[in-house]
Each structure stands twice: as structure tokens, then as C-alpha cells.
Number of protein chains: 2
Amino acid sequence: MIKVVAKFEVESDRIDEFKQIASELIDKTRQEEGNISYELYQNNKNKQILTFIEEWENQKALETHMKTNHFRTALPKFQKISTAEPEINTYTKVK
Amino acid sequence: MIKVVAKFEVESDRIDEFKQIASELIDKTRQEEGNISYELYQNNKNKQILTFIEEWENQKALETHMKTNHFRTALPKFQKISTAEPEINTYTKVK
């Protein structure tokens with residue numbers, strides 16, 4: 001199992017727009033083979049921080065996801081309304 | 001529901017020690033009322049990055065956790081073998 005934490009900092013007046021793009025991406029991603037969970041969270045202290053927490057069965061499923069149209073369309077939209085590049089960390093479970 | 005992502009960067013020769021302290025903390029935390037999940041992950045690219053991903057029923061449960069003996073004992077041990085202060089983000093689910 002692979003865990004992904006993908007953290008974006010969004011421009012303050014584009015937060016709703018980010019959530020709308022994310023909503024469609026989430027719906028499509030959850031239908032992908034090998035996706036276990038795909039959720040979006042908003043930071044309690046800084047509302048501009050929006051973070052995807054994802055679970056994938058294996059590396060191949062994650063790589064396939066990154067080649068899908070819905071991912072490739074959403075990512076540049078996210079980047080355009082973000083204040084910096086996203087911070088993406090990929091993890092293996094210890095316990 | 002509250003999600004917590006608590007990211008540590010551990011000294012390269014203290015990673016096993018970090019995992020051992022974390023293992024005991026995880027066992028005890030999972031028995032707490034209001035804890036939904038409490039898991040430790042290791043970064044795939046940088047093995048020095050160890051991140052707890054936690055789920056709590058509410059803010060009160062999280063605050064109670066931070067007052068427990070097992071948490072208060074483990075935290076300074078983690079800090080002592082880390083290269084910097086941990087980065088802790090608390091989130092609310094969007095979708």
C-alpha cells in the first residue's frame with residue numbers, strides 16, 4: 001500500500017475554485033482500479049492549505065492515475081491558482 | 001472528525017530508535033477514547049522523514065491525547081533525535 005500526502009497552498013480568493021476542481025477529480029479518481037481512498041482536507045489554521053491524502057494499492061496504480069486525463073487536466077489548474085509548487089510526499093506504512 | 005499529519009525528520013542513525021518509541025506510543029494511543037486511527041509512515045524517497053497520520057473524533061479527544069503520559073513522554077524523545085521541530089498540520093475533511 002502507498003500513502004500520498006499532496007499539500008497545496010492556494011491563493012486566498014481561489015479556495016472555492018480549487019475545491020470545485022478537486023471535487024470532480026476526486027469523483028473520477030475514486031473509480032480508478034487500485035485506488036483505496038482519495039480525500040481532500042483543509043487546514044484548520046490556514047484555510048489556504050488544501051491537502052489530498054490518498055491510498056493506493058501499489059506504485060503501478062499511482063503511476064496509472066498520474067497518466068489519466070482527469071489528473072493531467074486538474075494539476076495545471078491547481079498549480080495556476082496556487083502560491084507555490086505543491087509539496088508531495090509518498091509513504092510506506094511502518095505501523 | 002479531525003485529521004492530523006505530524007511530520008518528523010529524524011537523524012539518519014536514529015530511525016530505528018524513533019520507530020521503537022513510536023510503536024509503544026501507537027499501541028497506547030489506539031486504546032484512547034476518540035481515536036479513530038493512528039498510523040506511522042516512512043517517506044519513500046527520504047527515509048529520515050517519518051509521519052504520523054491520525055484521525056480523531058473531535059478536538060477534545062485530540063487535546064486529551066496531548067495530555068496523556070504516553071504522549072508527553074514520547075514527544076521530547078522524538079524531538080531529541082530529530083533534525084528540526086516537527087511540522088504538524090490539523091485538518092478538516094472537505095470531501
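Q: Is the crossing of H1(B) and H3(B) left-handed or right-handed?
A: The model is predicted, and local features need pLDDT of at least 70, side-chain atom pairs count only at pLDDT 80 or more, while totals for chains, interfaces and linings use all residues. Residues are numbered from 1 along each chain as its sequence is written, and chains are lettered from A and ligands numbered from 1 in the order in which they are written. Helices (H or I, at least four residues) and strands (E, at least two) are DSSP runs numbered from the N terminus. A crossing is called left-handed if the near helix is turned anticlockwise from the far one by less than a right angle, and right-handed if clockwise; that of H1(B) and H3(B) is left-handed.

Q: How are H1(B) and H3(B) oriented to each other?
A: Axes are lines fitted to C-alpha atoms, for helices over the stretch in contact, and angles run from 0 to 180 degrees between N-to-C directions. Helix H1 (residues 15-29) and helix H3 (residues 69-80) of chain B have axes 10 Å apart and pack at an angle of about 160°. Angles under 35 degrees count as roughly parallel, over 145 as roughly antiparallel, 65 to 115 as roughly perpendicular and the rest as oblique. The two helices, H1(B) and H3(B), are therefore roughly antiparallel.

Q: How many nonpolar residues does the contact of H1(B) with H3(B) have?
A: Residues are in contact if their C-beta atoms, placed from the backbone, lie within 7 Å; B:Phe18, B:Ile21, B:Leu25, B:Lys28 and B:Thr29 in H1(B) meet B:His70, B:Phe71, B:Ala74, B:Lys77 and B:Phe78 in H3(B). Ala, Val, Leu, Ile, Met, Phe, Trp, Tyr, Cys and Pro count as nonpolar, Asp, Glu, Lys and Arg as charged, and the others, Gly among them, as polar. Besides two polar and two charged residues, the nonpolar ones in this contact number six.

Q: What rotation superposes chain A on chain B?
A: Copies are superposed by least squares on the C-alpha atoms of residues with pLDDT of at least 70 in both. With 0.0 Å of shift along the axis and an RMSD of 0.0 Å, chain A is brought onto chain B by a rotation of 180°. This is the relation of a two-fold axis, and 100% of the contact residues of chain A recur in chain B. The rotation asked for is thus 180°.

Q: How many charged residues has the side of chain A that touches chain B?
A: In the interface, 22 residues of chain A are in contact with 23 residues of chain B. Strand E1 (2-9), helix H1 (15-29), strand E2 (35-43), strand E3 (49-56) and strand E4 (87-93) each supply at least two residues of the chain A side. By class, that side has eight nonpolar and eight polar residues, and its charged residues number six.

Q: Which residue in E2(B) is the bridge partner of A:Thr92?
A: E4(A) pairs with strand E2 (residues 35-43) of chain B in the antiparallel sense, over three bridges. Within its own chain, A:Thr92 in E4(A) stands opposite A:Ile2. In E2(B), the bridge partner of A:Thr92 is B:Gln42.

How values were computed:
Contact = placed C-beta atoms within 7 Å. Pairing = 2+ DSSP bridges.
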